[in-house]
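Morning, everyone. Please take a look at the model on the screen, and then I'll walk you through it.

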Amino acid sequence: QVQLVESGGGLVQAGGSLSLSCAASGRAFSSYVMGWYRQAPGKEREFVAALSWSGGTTYYADSVAGRFTISRDNVKNTVYLQMNSLKPEDTAIYYCNARLALSAGGGYWGQGTQVTVSS
(Lines give C-alpha, C1' and ligand atoms only; values in the text may rest on other atoms or scores of the structure.)
Protein backbone atom coordinates (compact mmCIF):
# COMPACT_ATOMS: atom_id res chain seq x y z
CA GLN A 1 0.00 0.00 0.00
CA VAL A 2 1.31 3.44 -0.98
CA GLN A 3 -0.12 6.81 0.02
CA LEU A 4 0.66 9.82 -2.15
CA VAL A 5 0.28 13.51 -1.28
CA GLU A 6 0.88 16.18 -3.90
CA SER A 7 1.81 19.80 -3.21
CA GLY A 8 3.10 22.84 -5.02
CA GLY A 9 0.23 23.74 -7.31
CA GLY A 10 -1.01 27.26 -7.74
CA LEU A 11 -1.62 30.14 -10.09
CA VAL A 12 1.10 31.35 -12.44
CA GLN A 13 1.28 33.51 -15.54
CA ALA A 14 2.06 32.05 -18.90
CA GLY A 15 5.80 31.59 -19.31
CA GLY A 16 6.29 31.08 -15.60
CA SER A 17 7.39 28.04 -13.61
CA LEU A 18 6.03 25.81 -10.88
CA SER A 19 7.44 22.84 -9.06
CA LEU A 20 5.21 20.02 -7.84
CA SER A 21 6.12 17.50 -5.19
CA CYS A 22 4.62 14.14 -4.36
CA ALA A 23 5.45 12.64 -0.99
CA ALA A 24 4.96 8.91 -0.71
CA SER A 25 4.50 6.81 2.35
CA GLY A 26 4.25 3.08 2.60
CA ARG A 27 6.43 0.24 1.56
CA ALA A 28 8.91 -0.18 -1.28
CA PHE A 29 8.63 3.30 -2.78
CA SER A 30 11.79 2.70 -4.76
CA SER A 31 10.19 -0.29 -6.49
CA TYR A 32 7.53 1.76 -8.24
CA VAL A 33 7.46 3.62 -11.49
CA MET A 34 6.38 7.13 -10.50
CA GLY A 35 4.38 9.33 -12.80
CA TRP A 36 2.43 12.52 -13.15
CA TYR A 37 -0.90 12.77 -14.91
CA ARG A 38 -3.27 15.67 -15.39
CA GLN A 39 -6.92 16.26 -16.01
CA ALA A 40 -8.28 19.48 -17.45
CA PRO A 41 -11.96 20.44 -17.10
CA GLY A 42 -14.11 18.41 -19.46
CA LYS A 43 -11.20 16.23 -20.57
CA GLU A 44 -9.91 12.79 -19.72
CA ARG A 45 -6.92 12.27 -17.50
CA GLU A 46 -3.74 12.20 -19.56
CA PHE A 47 -0.16 11.12 -19.07
CA VAL A 48 2.41 13.85 -18.42
CA ALA A 49 5.66 12.22 -17.32
CA ALA A 50 7.03 9.11 -15.64
CA LEU A 51 10.27 7.91 -14.12
CA SER A 52 11.67 4.44 -13.63
CA TRP A 53 12.38 3.15 -10.14
CA SER A 54 16.08 3.96 -10.48
CA GLY A 55 15.47 7.37 -11.98
CA GLY A 56 17.51 6.41 -14.99
CA THR A 57 14.70 6.36 -17.53
CA THR A 58 12.20 9.13 -18.07
CA TYR A 59 9.13 9.41 -20.25
CA TYR A 60 7.33 12.55 -21.32
CA ALA A 61 4.22 13.44 -23.21
CA ASP A 62 5.04 15.30 -26.42
CA SER A 63 3.14 18.32 -25.15
CA VAL A 64 5.50 18.82 -22.20
CA ALA A 65 8.83 17.44 -23.45
CA GLY A 66 11.54 20.05 -23.17
CA ARG A 67 9.55 22.12 -20.67
CA PHE A 68 8.88 19.71 -17.78
CA THR A 69 11.38 17.62 -15.83
CA ILE A 70 10.52 14.70 -13.58
CA SER A 71 12.87 13.52 -10.86
CA ARG A 72 12.79 11.45 -7.71
CA ASP A 73 14.55 11.12 -4.39
CA ASN A 74 14.26 7.56 -3.10
CA VAL A 75 15.70 8.55 0.27
CA LYS A 76 13.01 11.18 0.80
CA ASN A 77 10.34 9.06 -0.91
CA THR A 78 9.44 12.03 -3.07
CA VAL A 79 8.93 12.62 -6.76
CA TYR A 80 9.07 16.07 -8.32
CA LEU A 81 7.80 17.74 -11.45
CA GLN A 82 9.55 20.93 -12.48
CA MET A 83 7.36 22.82 -14.95
CA ASN A 84 8.88 25.64 -16.99
CA SER A 85 7.53 27.81 -19.80
CA LEU A 86 4.01 27.09 -18.68
CA LYS A 87 1.14 27.61 -21.08
CA PRO A 88 -2.58 28.17 -20.43
CA GLU A 89 -3.24 24.69 -21.86
CA ASP A 90 -1.21 23.24 -18.98
CA THR A 91 -4.03 24.24 -16.65
CA ALA A 92 -5.32 21.09 -14.96
CA ILE A 93 -5.39 19.07 -11.79
CA TYR A 94 -2.10 17.21 -11.57
CA TYR A 95 -2.06 13.76 -10.03
CA CYS A 96 0.84 11.69 -8.79
CA ASN A 97 0.82 7.97 -9.54
CA ALA A 98 2.78 4.94 -8.39
CA ARG A 99 2.63 1.66 -10.26
CA LEU A 100 4.80 -1.38 -10.76
CA ALA A 101 5.23 -0.77 -14.51
CA LEU A 102 4.28 2.08 -16.81
CA SER A 103 2.22 -0.27 -18.94
CA ALA A 104 0.50 -1.85 -15.98
CA GLY A 105 -2.20 0.76 -15.54
CA GLY A 106 -3.93 1.55 -12.30
CA GLY A 107 -1.65 1.81 -9.32
CA TYR A 108 -1.96 4.31 -6.50
CA TRP A 109 -3.14 7.90 -6.91
CA GLY A 110 -2.78 11.08 -4.93
CA GLN A 111 -5.61 13.53 -4.37
CA GLY A 112 -4.32 15.97 -6.98
CA THR A 113 -3.11 19.56 -6.95
CA GLN A 114 -4.50 22.38 -9.06
CA VAL A 115 -2.26 24.18 -11.54
CA THR A 116 -3.70 27.26 -13.22
CA VAL A 117 -1.81 29.16 -15.91
CA SER A 118 -3.20 32.54 -16.86
CA SER A 119 -2.66 34.10 -20.25
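Let's begin with a term: two strands pair if DSSP finds at least two bridges between them. Strands themselves are DSSP runs of E, at least two residues, numbered from the N terminus. A caution before we go on: this is a predicted model, where local features need pLDDT of at least 70, side-chain atom pairs count only at pLDDT 80 or more, and totals for chains, interfaces and linings use all residues. Residues are numbered from 1 along each chain as its sequence is written, and side-chain values use heavy atoms, with hydrogens and water left out.

Now the sheet. Strand β3 and strand β8, residues 78–83, pair in the antiparallel sense, over 6 bridges. Take L18: its bridge partner in β8 is M83.

Step back. The order is β1-β3-β8-β7, an open sheet of 4 strands with antiparallel pairing. Which strands stand at the edges? They are β1 (2–7) and β7 (68–73). Each has a single partner strand, so one side of each lacks a neighbour in the sheet.

Next, the disulfide, meaning a pair of cysteine sulfur atoms within 2.5 Å. The structure holds 1. C22 and C96 form it, with their sulfur atoms 2.1 Å apart. It links distant parts of the chain: C22 sits in β3 (residues 18–26), C96 in strand β9 (residues 92–99), and the two are 74 residues apart. Why is this disulfide called left-handed? The torsion about the S-S bond of C22 and C96 is about -85 degrees, so it is left-handed.

Last point: are C22 and C96 buried or exposed? Both are buried, that is, under 20% relative accessible area, where exposed is over 50% and partly exposed lies in between (1.4 Å probe, protein chains only).
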